[in-house]
Amino acid sequence: MLDAFFKLKEQGTSVRTEVIAGITTFLTMAYIIFVNPEILSTTGMDRNAVFVATCLAAALGSLIMGLVARWPIGMAPGMGLNAFFAFTVVATMGFTWQQALGAVFISGCIFLLLTVTGVRSWLIAGIPHSMRSAIAAGIGLFLGIIALKSSGIVVASPATLVTLGSLKETGTLLAILGFFIIAALDVLKVRGAILIGILVITALSIALGVSKFGGVISMPPSILPTFLQLDLVGAMHAGLVHVILVFVLVEVFDATGTLIGVAKRAGLIQPDKPNRLGRALLADSSAILAGSLLGTSSTTAYVESVSGVQAGGRTGLTAIVIAILFLAALFFSPLAGSVPVYATAPALLYVACLMMRELLEVEWDDITEAAPAALTALMMPFTYSIANGLAFGFISYCALKTLTGRPQQVHLATWLVAVLFVVRFAFFSGG
């Protein structure tokens, strides 16, 4: 039955191989069940409920991906947008987390509409490659400054805005050690390097008395504090329009880039042959809607799925295994509650480092491509907002192309996004 549904033999795989691939991918992306509650709980959301929502959103998203698209790709709340949700939309702009969840839901509806109508393809084709790369790198820088700040490595300074924190604090030293452990394990190709790093630092933190041990296994906590708590009416606030735009843009770029990248590695997308990319994007947008209802930020495809593909995963059975493992993770809520910020910060910092590689794809020889890309990446951490980075990038791209006599090189989609951000700056303040 499994062979008939997933066409295992046709894809040159087996149930055993798919199970191993699913376990492999889960180990590389399981860190999100510790990191996401840590980030979103800063908004006032119940940490235990966010933990459950994260596990369920990842399980449901992976299940949809496995059954609808039948691709070996894991889904979970995305890094970057969870930080934007918590530290920009709620902490900086002052909106409630319920309104932010409403904005995530609306962005999921728009993403679904763009996918069904085919507009998504037009939008992707219209955004310059350098800008897409800069967005990923900028989100990496944004995660980086959050990690450095939360670990105490970087602190505020009235003279220079930021400066080096005390490197004698136990928590800060643990965060630094965690980063080296994760990086070293990843270089040595140890599966689940980030997860292992988090657990090692958590154990050391507990042993040194920096954090308390809450146990390992228990029945899953209640999800009710976040379940169906989104505020759709509040999300219609004019000040959230550009936030929804940012959610949509990043969701579309992240999902499309990750899905195509992983699928090509698995041999699932070949020239002049039909593929299931449309179904995969449909699964991605559906997962965003489900995640917002459960109580978490945007759910998306994980590039860590490449590890499962390298282990032989070729079908949706790999994604089904990932979903089952995320459901099993629900029973580890006490362990998740024991993880201190000093254990999740190095994970954030390492993910930030990996995302910085995207800068290699920028056309640095063409200043009309390079300058907007640089502004996009730089403005995200320095204004503590992905939205501002996108705004400066798109507006400067259109401006430089026009001022150098090349407005015809700017796609209508880029003009549209730039105009929307200009309107935002002209008529709406804050954030």
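**Close-ups: a helix pair and a pocket**

**View 1. Helices α8 and α19 come out roughly antiparallel to each other, because angles over 145 degrees count as such.** This is a predicted model, and the pair is a handy place to start. α8 covers residues 129-151 and α19 covers residues 386-403. Their packing angle is about 150°, and the axes sit 10 Å apart. The crossing of α8 past α19 is right-handed.

**View 2. Zooming in on the side of α8 and α19 where the residues meet.** From α8, the contact takes in Met131, Ile135, Ile139 and Phe142. On the α19 side, look for Ile386, Leu390, Gly393, Phe394 and Tyr397. Sorted by class, this contact has 8 nonpolar residues, 1 polar and no charged ones.

**View 3. The largest pocket of the predicted model has a volume of about 1,700 Å³.** Its lining is made up of 44 residues.

**View 4. Which elements each supply at least two residues of the lining of the largest pocket?** The helices are α8, α9 (170-187), α10 (193-207), α12 (241-265), α14 (305-310) and α17 (341-355), and strand β4 (299-301) joins them. α12 gives the most, with 10 residues. Note that α8 turns up here as well as in the packing with α19.

View 5. The α8 and α19 contact, by contrast, has no charged residues.

Key
Residues numbered from 1 in each chain as written. Predicted model: local features only at pLDDT ≥ 70, side-chain atom pairs only at ≥ 80, totals over all residues. Heavy atoms only, no water. Axes fitted to C-alpha atoms, helices over the stretch in contact; angles between N-to-C directions. Helix = DSSP H or I, 4+ residues; strand = E, 2+ residues; numbered from the N terminus. Parallel < 35°, antiparallel > 145°, perpendicular 65-115°, else oblique. Left-handed = near helix turned anticlockwise from the far one by under 90°. Contact = heavy atoms within 4.5 Å. Nonpolar A, V, L, I, M, F, W, Y, C, P; charged D, E, K, R; others polar. 1 Å grid on protein atoms, 1.4 Å probe; cavity = no way out; pocket = protein on both sides within 12 Å on 5 of 7 lines; lining within 4 Å. Points joined across faces, edges and corners; volume = space filled by probe spheres on them.
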